[in-house]
Amino acid sequence: MYLSEVSTELESIVDASIKKHNKFLIAVLQDIQRHYNYLPEDAIKLVADKLEMPLRDIYGVASFYKAFSFNKKGKHIITACLGTACHVRGGPKIVDAITKELNIKPGETTKDMQFSLETAACLGCCAIGPIVVVDGVYFSNVKPTMVKKIIEQTKSGIEKTDIEKYKHIFPVKVSCPRCNHSLMNTEHLIDNYPCIHITVSFGRKHGWLRLSSLYGSYSIESEHEIPMDTELNCFCPHCHTELTSSFECPICGANMVPLMIRGGGTVHFCPRRGCKGHMLDV
Amino acid sequence: MKKISSIEEFISFRKSILNEPADNTPTLVISAGTCGQASGANDIMRAAKRYILEHHLHEKVSIRVTGCLGFCQIEPFILAEPENYIYPNLKTEDVPRVIKAIVKKEIIKELMYRENDDDKTYCTLEEIPFYKYQTRTILKRNQKIDPIRVFNYFKAGGYSAFEKVISNPDQEWIISEIKKAELRGRGGAGFPTGLKWENARNSNNGSGKKFVVCNADEGDPGAYMDRNVLEGNPQLIIEGMIIAGIAIGATKGFVYVRSEYPLAIKHSMIAIRQARDIGILGENILSTGIDFDIEIVRGAGAFVCGEETALIKSIEGKMGQPEQRPPYPVDKGIWGHPTCINNVETLANVPVIINEGADEYIKVGMPGARGTKIFSLVGKIKNTGLVEVPLGTTIHEVVNKIGGGPSGKSKIKAIQTGGPSGGCIPEELFDLPINYESLNKVGSIMGSGGMIVMDESTCMVDIAKYFTNFLQEESCGKCSVCREGTQRMNEILTNISEGRGTMEDLTLLEELGPVIKDASMCGLGQTAPNPVLATIKYFREEYIDHIIKKKCKATVCKEIVSSPCQYTCPINTDVSVYVALIARKKYAEALEVIKETNPFASVLSRICHHPCENKCKAGEGGDPIAIRDLKRFATDYGIENNLYSTTEPVKKTNGIKVAVIGSGPSGLTCSFYLSKMGYEVTVFEKESVIGGMLTLGIPEYRLPRKILKVDLDYIKSAGMEIKTDFALGEDYTIDGLLDQGYKSVFLATGSHQSLKLGIPGEEVEGVIPGMQALAALNLGKKIELGKRVGIIGGGNTAVDAARRVLRAETSESVTMIDAARSALRTTKPENVTIFYRRTIEEIPAYKEEVDGAGDEGIKIEYLTAPVRIITNKGKLKACEFIRMKLGEIDESGRRRPVPIKGSEFTVELDTLIVSISESPDISFLKNEGLEFSKWDTIIIDPETCLTKRPGIFAGGDMVTGPNTVVDAVAAGKIASESIDQYLTGKEVKREYKLTRPSKYIEPVEFSNKELDELISAKRSEMPLLSSEKRKYNLMEVNQGLTEEQAIKEAKRCLRCELETIDGKKFLKNLEEVEERG
């Protein structure tokens, strides 16, 4: 045994991952890396214990692949592409500009643990480089002068958008596909718009769930706290029919919840807490 | 949906989908692959959905979100089916307009695709040249498919190959089809796929299991076709894998995909799940007894895992270190089981072959290389994206026809293929048909299809360094030659790129390369030296430039270049220093720095063509610093305050006599420096005035004569003797000068003879050579121009061929505009028109001059060339012109103008000034023992300005043909150094040094607010004399920057010189001093 005491959180992550990936080491380490943004020492030891492998083998794999890191990463990860196409189009100047702005070199993290800077060998967007990815959001044709703005945008929330200003964020009005009763609640506002009101049950709990009616917003409120990854059963508060469909969430495979859009079209959302799967068909 | 459990059911299911009545409502196709999303496709999609919802258009229009359609550069776009109208680079605010038009079956032309240099609008996808010349067998499918909706794939004819194979799972037949189709691996090595499958099928090591692996570990930087196919059409890969599985008898497949491709992972996971649900994947598929399922394995960021044995180890969960082959994976693969590994694109071709049959498939491509190949055409090229062409297509077709040639004004010099394992192919070899063997032969490889275009702003040493750096990081470390060798190569290349290289280094690299190739076990090491060896092979000159001349033409290598402005300046002006001094309000010091390297400071501050500004880093993504205007601010300050108006002549000369022939910028510069060194210099000038082209060729409104006089007086104060009205050949000879005791001669007589058009009727009255007109106008002589004046710049292609294209054309277009503007000022014609045979894009004259001419009412007819002169009683009456269009790319890297048949037209003219170019007059030099080129320019050693005759040097326009003033000044400086070496008995040889500023100036501290303002600040523009005020007089047009403007402009400078090791040292010292102090 490499580890005598284990935090329950870590153990549950490792256990779930080992089960999911059939003891496949790289995938397990990838899950841990994704969750913590690095591989904590305890995690590596725990994996060694659980897989009954010598620690040196785990360390060998973890140090061989670039995707793994032994150092804690910042809250936001900035990845600048240094593929050949980005290189000839000025990628190194972008890295210089980020280094100047944040005072960190590639592979380092700011002292306040806000930003980590990484470089990638190629992100596959070669036609529109140089490419910078911040927390999964891609920026194309980046110029050194844009770096400051990108970093500031990250600080203020990269997915936060001003709905008045942006034409692509818009509210939808929905009704129950069975009884056609409106599901809109005008008294409770989420994101400053009337919200969608349904009832849900999970485990032994039953209560209301309010969702933002903005297409593209993931804001919700609920009567009970819903643990991550819980798959909810959703119901119409008027006719009490279960809202479900044969349509599967493209991300996690759960059966999606259908809602009718007033005026035509349907919107499906994934009933799994934390999953961002949704589809709007017009 | 319910699982399908029999072949019959599957056939009728497919049929029912295909038989659905065609839906004729317009469909908006929005491509949202990773590249599309990066360009904002999601916003377009939401804006479109919003508009459709709000305007109840559900019945009238539908939306399909697809993967990338290849032309990433025009993303985000809306493609409107069925017509395939395309709206490129769409903004969210334009989405409503576009949808409205689509519903009404109208088009909005101004939002449609255009190539920048012609006016034609391309409405449909098929018309766009980028698409028109491709054969998009694989890529065209993406348009019909929303990758997360499997029904789209069926609707587009998908799984018909699967149906064929599952109905008749005859392994022999499948393999024979693939063999007959001559399909070869698209991942790089080009191994015959049919043979690999056959080996895998026959392999029986008793382990009981077999595997199929789809290699989507697309590690070559610059290649992304696998991402595209997997993201945009994952079912196609699944179909290919099932067929492979059936053919070799495998029950399980793995897709090994890079973790850098999250969307590809997501879409393939969805696709696999959907295929399982339908019953295409899993156990006992369609009750046939065949089992096949697919699992996704995400890579973890190791390039070497693209190598098949390393990939197998990685799938097994181990370190991805390659193994010795044989045994090959088809015999002993994952966990010892036979494993067949194919690239994504290879598998994508499998359903195509099965569907259309091998006989049909081999009609595309060439023997030994059938079918199409996808290339990612990226880098310095106009149209960038994924290009699919038949194998055997030439590089030229891909780069120039589909890619549309260079992205800017820089010429394309090479492409790089095969990623870190490949090499570069220079432009001279672009006629090469692309296939596996042809690329090998020239030292590169096909690789996965990355094709990175490089132009003159790409440094080949830097590229080699880039790849060796990549490889030394990615080398798994197993073989020491690869591990240490790539590292050593990288160190040597770093030395060269930082100006510390030696010629021995080059030899060492060439020796090291083959050793690494021979002694490495896997493909990574065996190909690692390719980028280095290929760049040395084709671009040896660039290496030598770095090593000997300390030059990086592309201005990429930081330690060599220091600041690009100083580096680019032909006379090594300390730009960053004087700009920094202006920012600190030390104007006199700034002027001193300028004068240090430049005797023509005031002249050049007005008329220099400022190559420095073209390379200024502030100009990348913003405006370049107005360097020339800042210089003018300093020199004007000097004139006002009477600073440095004369120089100290040496107290006592050394008594050695030197003759300088010609008093233009080159001759006077040489005289100035020789006089300062103590020589007794005599300048001989044919005209009665000195200054050469500065006096005769450049109009006063650009260069006021009192400004010119400032510099001429300054130069004269160095103490030379000047003899005017003294013509070589008439009044004296070179031999005569030597007899008189002159120990050395510098020839700088310029290039004053206007070239002829070479068209009928040119000799008549009314047609005036450009130089003659300009000299007359500049000297205030009276010439009669009449009311209607035409100026021709650029003649026919016959003239073109006889000139050194780019450089000559700079001068040609400058004199053409000078002539037009001078004519307008001095003789008051009613209209002045310039006829130019290319477009405004190609005009190399300074933009401000072209704009100035426009403001003054001068018309410019682009794409127009003269055909013949029409005369009346021996006098000019009119000129017939022909319209041109831009054709193929010529040797100058620009598209050559070609006449449009039947477009001739006539313009009535009183005077036609022919300003196509000038050549030197060498009639007086015939018997002086010198050699001349076919353009009548004198042949010298460009390193030293020495002619073929000892002691006789030459420089300026008589060597280069018409050229810029600063280059002439530079030649004068080089000549003065060479003459000094010659006369002091030293070896005549140019000395090269790394560019460094003469001193480092402390940067100005900025507040955050000030910094923000400076980042977004535009370039300070000089006030101009209004176009009313400047008509019919010679007042200077440009009025100079104000002090406030100058300081602000100087503060915008990015201070590149502080980013070198030396510069950083200076900054560090500064910090330490501050801390102590």
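Two residues are in contact here if their C-beta atoms, placed from the backbone, lie within 7 Å. This is a predicted model, in which local features need pLDDT of at least 70, side-chain atom pairs count only at pLDDT 80 or more, and totals for chains, interfaces and linings use all residues. Residues are numbered from 1 along each chain as its sequence is written, with chains lettered from A and ligands numbered from 1 in the order in which they are written.

**Figure 1. Helix α16 of chain B and what packs around it.** Helices (H or I, at least four residues) and strands (E, at least two) are DSSP runs, numbered from the N terminus. Zoom in on residues 395–402 of chain B and you'll find B:Ile395, B:Val398, B:Val399, B:Lys401 and B:Ile402 buried. Buried means that 20 or more other C-beta atoms lie within 10 Å of the residue's own, against 12 or fewer for exposed and anything in between for partly exposed, with C-beta atoms placed from the backbone. The buried residues of α16(B) pack against one helix-numbered element, α5 (129–132), and against β13 (372–379), β14 (385–390), β15 (412–417), β16 (423–426) and β17 (450–455), all of chain B. Just past the end of α16(B) sits B:Gly404, with a positive phi of about 75°.

**Figure 2. Where chain B meets chain A.** Chain B puts 61 residues into the contact and chain A puts in 53. On the chain B side, the elements giving two or more residues are α2 (34–39), α3 (41–54), α12 (262–278), β13, β17 and α18 (460–474). The top contributor there is α3(B), with seven residues. Sorted by class, this side of chain B has 23 nonpolar, 24 polar and 14 charged residues. For the bookkeeping, Ala, Val, Leu, Ile, Met, Phe, Trp, Tyr, Cys and Pro count as nonpolar, Asp, Glu, Lys and Arg as charged, and the others, Gly among them, as polar.

**Figure 3. Domains 4 and 6 of chain B.** Domain bounds come from an automatic or database domain assignment. Domain 4 of chain B comes in two pieces, 564–645 + 1002–1064, while domain 6 covers 754–918. Their C-alpha centres lie 33 Å apart. Eight residues of domain 4 of chain B touch six residues of domain 6 of chain B. On the domain 4 side, that makes three nonpolar, three polar and two charged residues.

**Figure 4. Chain B as a whole.** This chain holds 43 helices and 35 strands. Its C-alpha atoms fill a box of roughly 105 × 65 × 65 Å along the principal axes. A compact globule of 1077 residues would have a radius of gyration near 31 Å, and chain B has 34 Å, which agrees; the radius is taken over C-alpha atoms, and the globule rule is 2.2 Å times the number of residues to the power 0.38. Buried residues make up 55% of chain B.

**Figure 5. Chain A and its domains.** Chain A has seven helices and 13 strands, and 35% of its 282 residues count as buried. The assignment gives domain 1 (8–64), domain 2 (76–155) and domain 3 (174–281), with 35 Å between the C-alpha centres of domains 1 and 3. Mean pLDDT (the predictor's confidence in each residue, from 0 to 100) is 88 for chain A, and 96% of the residues score at least 70.
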